[in-house]
Amino acid sequence: LLAAAPAAAQVMHPITLDGEAFVRATTRPVVPGELRVDFVRENESFDNWTKMVGFRRQELPNLDNDPVKAARALMDLVNAANPKAEARIIVTVEKNQALVDFLSWPKDAKYMEFNVLRFVRSTDGKAVVTLQFAHRFTDSRTKEGADRFRQLRRAWIRQAVNYDMGIVQAAMTP
């Protein structure tokens, strides 16, 4: 799937989240049949990001390239690895798409990471295309941090639902 890299490298629309611009940090195949493009804020790198937007195309024939099945599989994986992550899923049956959000952290609890992922079928039907918003933060244990996280969760779910998936589809089309 390396052939998809040129299309992904030429994302024509500015990538924004919370009104901030994001620049491409990486374009890479992760595993065979998968392409991933990650965007970080201009003053961050892929090694030190605190906010990230990701596009992904995964060939998932074992899940019939079904976005709802892919979202459920991720939710189950996250909850099995960390039951306190409380991964949640929102399914839109008529559009055959799903959204998963969860909070996770490394074993050392150095930071927390909030993720919102929206799953749709690729335009060619041969893969699942995903939009990901991720945020790493360290102030979750304060009241202000917890309040900020609750606001962020609502805002990011709304932004993911309203995001133009045509941008993601175009970037991930081989």
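Strands here are DSSP runs of E with at least two residues, and helices are runs of H or I with at least four, numbered from the N terminus. Because eight of the eight residues of strand 6 (residues 97-104) are buried, the strand is largely enclosed by the rest of the structure.

Residues are numbered from 1 along each chain as its sequence is written. As the model is predicted, local features need pLDDT of at least 70 and side-chain atom pairs count only at pLDDT 80 or more, whereas totals for chains, interfaces and linings use all residues; side-chain values use heavy atoms, without hydrogens and water.

## Strand pairing

Strand 6 runs antiparallel to strand 5 (residues 88-92), to which five bridges join it; pairing requires at least two DSSP bridges. L99 is the bridge partner of I90. The two strands form a hairpin with four residues between them, and N96 in the turn has a positive phi of about 50 degrees.

Strand 7 (residues 112-121) also pairs with strand 6 in the antiparallel sense, over seven bridges. Here F102 has N115 as its bridge partner.

## The largest pocket

F102 is also among the lining residues that lie nearest the centre of the largest pocket, together with L74, L77, V78 and L117. Helix 2 gives the largest share of this lining, six residues.

Methods:
Buried < 20%, exposed > 50% of the residue type's maximum accessible area, 1.4 Å probe, protein only. 1 Å grid on protein atoms, 1.4 Å probe; cavity = no way out; pocket = protein on both sides within 12 Å on 5 of 7 lines; lining within 4 Å.
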